[in-house]
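Please open the model in your viewer and keep the selection tool at hand. The stops below take you from one selection to the next and say what is to be found at each.

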Amino acid sequence: MAASDHNFRYLLKPGTDFGFVSKFRAWMVISTLMVVGCIASLFINKAVRGDYMNWTIDFKGGTEIIYSFKDKADPTKYVQPDAGKIRAAMTSAGADGFDVSEMTWSDAGGTARGAMIRTPRFGATTSAQQKAAGEAVTAAFGDRGIDALQWSGDRLFVRSTSHITDLEVAPVLAKLDLEVKPWGDTAKLYSTADEGTGEYRQTFSLFGLERQYELVLEKALPDVDVVMVQTSQVSAKAGNELRNDGIKALFYAMLLIVLYLAVRFDVRYAPGAIFATFHDAIMVVGVFAITWTDVSLTSVAALLTVIGFSVNDTVIIFDRIRENQVKLKDKKLERIIDISLNEVIVRSMLTSTAVFAVTLVMNVFGTGLVRNFAFAMNIGVITGAYSSVFLASPVFLWVSQRWYSGPPAKGRAAEA
C-alpha cells in the first residue's frame with residue numbers, strides 16, 4: 001500500500017544535510033569577537049558615560065514618589081492614571097532612568113488611585129543645573145558683592161556684602177525651571193549681617209523633586225489634580241547590594257546547570273552548555289550597554305529566563321546527540337553531531353521563532369518594565385538559538401576529542 005501524501009509543508013525537506021561541523025571554527029571566531037566587543041562596550045561606557053550600564057533605582061538608589069490622581073471638577077473622585085501619558089510627560093521633561101507603576105490603596109473615602117514614580121535622582125537639581133544657577137545668580141547680583149556661592153543638595157548658600165531676598169532670586173532661578181521655596185517669617189534670619197565680617201549669609205531652598213514632577217504631570221494632565229502622597233529614598237548602598245545579589249544569582253544558576261548536565265548526561269556536555277550560557281548572558285548585557293537601556297531587577301529576571309531558554313534548547317540537542325551515539329556506533333563523532341543537528345534544527349527554529357514573536361509583540365506594544373523584559377528576551381532568544389547549535393556542540397566535540405578520544409597511542413600499540 002502506497003504511503004499517503006502529507007497535507008503540510010516541510011520547513012526543511014527530510015534528508016537535508018547541512019555541514020555544521022565544518023563551519024564550527026568560523027562561528028567560534030565570530031562569537032569570540034562579539035563577546036570581546038560586548039565586554040569592551042562596558043568599559044567604553046564607564047569612560048564616556050561614567051558607569052558601565054544604565055542602572056536604575058534598583059541598583060543605584062534614588063527616590064520613590066507616590067501621587068494620587070483626582071478629578072479637578074470633583075476633588076472627592078479619584079481618576080484612573082494613564083501610565084503611558086505619565087511616561088510621555090516625564091520623558092518630554094528630560095527625565096531619565098525612571099519607572100512608572102500604577103497602584104491603588106485604601107483611604108477614608110474608599111479606593112484611592114495613583115501612580116508610583118521611581119527615579120535614580122535624589123534631588124531636584126542636577127550638577128548642570130546647579131552650575132547654570134550659580135552663574136545666573138552671580139550675573140544677576142554682581143553688584144551685591146557676592147563672595148561665595150555653594151550648593152548642598154537643593155539648597156543654595158550665598159555669602160555677599162549686600163542682602164539678597166528669596167523674592168529676588170526666585171525669578172532668576174525660574175528661568176532654569178527651578179522653583180524657590182519662600183521662607184516667610186524665617187527670612188528674617190538672613191536679613192541681618194554678621195557682626196564680625198559684615199557679610200550676609202543667605203540660604204535659598206528649592207522645592208524638592210516631588211514638586212517638579214507634580215508640575216510636569218499637571219501640565220500634561222490638565223483635567224487631573226495631582227497630589228503627592230508619599231516620598232521616600234532608597235540608599236545607594238541598598239542598590240549596590242541588590243546588584244551584587246543579582247550577579248550572584250546568575251553565577252549560582254550557571255553552577256546548578258553544570259551540576260544538572262553532569263548528572264543528567266555526562267561531564268563532557270557541561271562545558272559546552274556553560275560556555276553557551278555565558279555567551280548568551282554576555283551578549284544580552286552587551287546589547288543593554290551599547291543601547292544604554294535601563295537595567296533593573298526585571299532585567300535580571302529576564303536574563304535568568306534567557307539562561308533557562310538557552311539551556312533548554314541546548315539540552316534537547318545534547319539529548320539527540322547522545323541517542324545517536326548509541327544508534328550510530330559505526331560513525332565518527334563529527335558525523336553524529338552533524339546528523340543530530342540536522343534532525344533538531346527545525347524544532348529549534350520553530351520554538352525560537354514562536355518565543356521571539358511573542359516577546360516582540362510585548363516589546364513593540366508594551367511599556368515600562370514589560371518592554372524592558374521583552375527586549376532582553378528578544379536578544380536572548382536569538383543568541384540562545386544560535387549558541388545551542390554553533391557554540392555548545394563545538395565545545396562538546398572539542399572536549400570529547402581532547403580527553404575522550406580513546407586510549408593513548410602507546411597504549412593502542414601495546415594492545416595491538
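This is a predicted model: local features need pLDDT of at least 70, side-chain atom pairs count only at pLDDT 80 or more; totals for chains, interfaces and linings use all residues.

Begin by selecting Val-364, which counts as partly exposed because its relative accessibility is 49%; here buried means under 20% relative accessible area, exposed over 50%, and partly exposed in between, with a 1.4 Å probe and protein chains only. Val-364 sits in helix H10, which covers residues 333–365; helices (H or I, at least four residues) and strands (E, at least two) are DSSP runs, numbered from the N terminus.

Residues are numbered from 1 along each chain as its sequence is written, and side-chain values use heavy atoms, with hydrogens and water left out.

**Helix packing**

Two packed helices are described by the angle between their axes and the distance between the axes. Select helix H9 (residues 297–327) together with helix H11 (residues 368–403), and you will see them pack at an angle of about 25 degrees with their axes 8 Å apart. H9 is therefore roughly parallel to H11, since angles under 35 degrees count as roughly parallel, over 145 as roughly antiparallel, 65 to 115 as roughly perpendicular and the rest as oblique. The axes are lines fitted to C-alpha atoms, for helices over the stretch in contact, and the angles run from 0 to 180 degrees between N-to-C directions. H9 passes H11 in a right-handed crossing; a crossing is right-handed if the near helix is turned clockwise from the far one by less than a right angle, and left-handed if anticlockwise.

Keep H9 and bring in H8, where the two axes come within 9 Å and cross at roughly 150 degrees. H8 is therefore roughly antiparallel to H9, and this crossing, too, is right-handed.

Within helix H11, pick out Thr-383, which is buried, with a relative accessible area of 8%.

**Salt bridges**

How many salt bridges does the structure hold? There are eight, a salt bridge being a side-chain nitrogen of Lys or Arg within 4 Å of a carboxyl oxygen of Asp or Glu.

Staying on H9, select Arg-320 and Glu-323, which both lie in this helix, three residues apart, about one turn of the helix. Their side chains meet in a salt bridge of 3.6 Å, N to O. Arg-320 is partly exposed at 27%, as is Glu-323 at 36%. Salt bridges that share partners join Arg-320, Glu-323 and Glu-343 into one network.

Next, select Glu-199 and Arg-159, whose closest N and O atoms are 3.3 Å apart in a salt bridge. This pair links distant parts of the chain, with Glu-199 in the loop between H5 and E7 and Arg-159 in strand E6 (residues 155–160), 40 residues apart. Glu-199 counts as buried at 14% relative accessibility, whereas Arg-159, at 30%, counts as partly exposed.

**Positive phi angles**

Most residues other than glycine have a negative phi. Select Asp-177, in the loop between helix H5 (166–174) and strand E7 (200–205), where phi is positive at about 65 degrees although the residue is not a glycine. Asp-177 is exposed, with a relative accessible area of 64%.

Finish at Trp-292, in the loop between helix H8 (269–291) and strand E9 (294–295); its phi is near 55 degrees, again a positive value in a residue other than glycine.
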